[in-house]
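Thanks for making time this morning.

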Amino acid sequence: SHSNEMDCIHLVIVLSCLGVVMAMYLPNTSNRISRQAPTNTEEFPYRILVTSGNSQYFEVVCSGVIISKDYVLTSASRIKQILPEMTQIMTGPTYTVDPINVESITTHPEFNESSYCDIALIKVNTSFNFNSSINKTLISYDWSDLSQPCILTSWDEDKKVVYRQEVSVTQCGTSTSTEFCVTSNENITTSEINMGSPIVCNQKLFGIKTLGINKFTNVTKVSSWIDAVISTATTTDQTTSSPATTTITTTQSSTLTSGANTT
């Protein structure tokens, strides 16, 4: 009987050790944030894809977000080499709605590869027809309005679905930085097609995905520029732009490419 008791003790010790090892290496599901496809395909009507090409062939360039009937906000670093007449916006829960042509692309005047301000406005040729599956989101003007957790949406090109992910937003860098960082128990998307993906907190747009693993452009830092571009927008046939912005319209880009190669 003594031998049996010792065997039982050894078994308990082994099982206890095994439990410790499993706890060390298995994911903690109690606080894990799920990254799953939305149950309602119309949950994120503001999310869009930016494509480049023609009627025969196109490729997805990046993501973006609708902020008005005529404007989309996206990543400047992804569309800086794209001409407006070769650009289209795809909308709808599965991006199967007829694409919308682009009139002009305006990048932030301080955008560059080192100091960022990685943000651009795309004006569409035809205003969006808002409905339950295509609509805008409000932009945030004040960081103090931030309410956690926030929702990041990303596009899975293989599965053709939009994923939602709860994230926590934190300031990083200096107080004047145009970027913020996010933390999550899941990996943050780094694919090129998800550059420009929106982060929405309390139903307001706070940021879009930029260069860097966990970095996002802070919309509250550039909201006045966004308002200025939209409020001073010229008519379709005008090609002049505000001195504070860099805008290329369809007409201008045709002129630019007549004497130069564009990559």
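Strand 13 and strand 14 form a hairpin with five residues between them, and Gly212, in the turn, has a positive phi of about 105°. When I say strand, I mean a DSSP run of E with at least two residues, whereas a helix would be a run of H or I with at least four, and both are numbered from the N terminus. Please keep in mind that this is a predicted model, in which local features need pLDDT of at least 70 and side-chain atom pairs count only at pLDDT 80 or more, while totals for chains, interfaces and linings use all residues. Residues are numbered from 1 along each chain as its sequence is written, and side-chain values use heavy atoms, with hydrogens and water left out.

Two strands are taken to pair if DSSP finds at least two bridges between them.

What joins strand 13 to strand 12? Four bridges do, and these two strands run antiparallel; they also form a hairpin, with two residues between them. Within this pairing, Val200 has Leu205 as its bridge partner in strand 13. Leu205 also stands opposite Ile139, and strand 8 is joined to strand 13 by two bridges, with the two strands running parallel. Five of the six residues of strand 13 are buried, so the strand is largely enclosed by the rest of the structure. Buried here means under 20% relative accessible area, exposed means over 50%, and partly exposed lies in between, using a 1.4 Å probe and protein chains only.

Now to the loop between strand 12 (198-201) and strand 13 (204-209), where Asn202 lies. Asn202 has a positive phi of about 55° although it is not a glycine, and Gln203, in the loop between strand 12 and strand 13, has a positive phi of about 65° although it is not a glycine either. Are these residues buried or exposed? Asn202 counts as exposed because its relative accessibility is 54%, and Gln203 counts as exposed at 69%.

As background, most residues other than glycine have a negative phi, and most peptide bonds are trans. On the peptide-bond side, Gln148 and Pro149 are joined by a cis peptide bond, with omega about -5°, and Pro149 is found in the loop between strand 8 (138-139) and strand 9 (150-156).

Two further residues deserve a look. Thr87 sits in strand 5, residues 87-90, and is buried, with a relative accessible area of 1%. A polar atom of the Thr87 side chain lies 2.7 Å from the backbone oxygen of Leu83. Leaving aside residues up to four places away in sequence, Thr87 touches Val50, Thr51, Ile82, Ile100, Asn101, Val102 and Ile105, where contact means heavy atoms within 4.5 Å.

Finally, Glu43 has its place in the loop between strand 1 (35-36) and strand 2 (47-53), and is partly exposed, with a relative accessible area of 32%. How far is the C-alpha atom of Glu43 from that of Arg164? The separation is 9.6 Å, although the two residues are 121 residues apart along the chain.

Technical notes. Polar contact = N/O pair within 3.5 Å; in protein donor to acceptor, adjacent residues only side chain to side chain.
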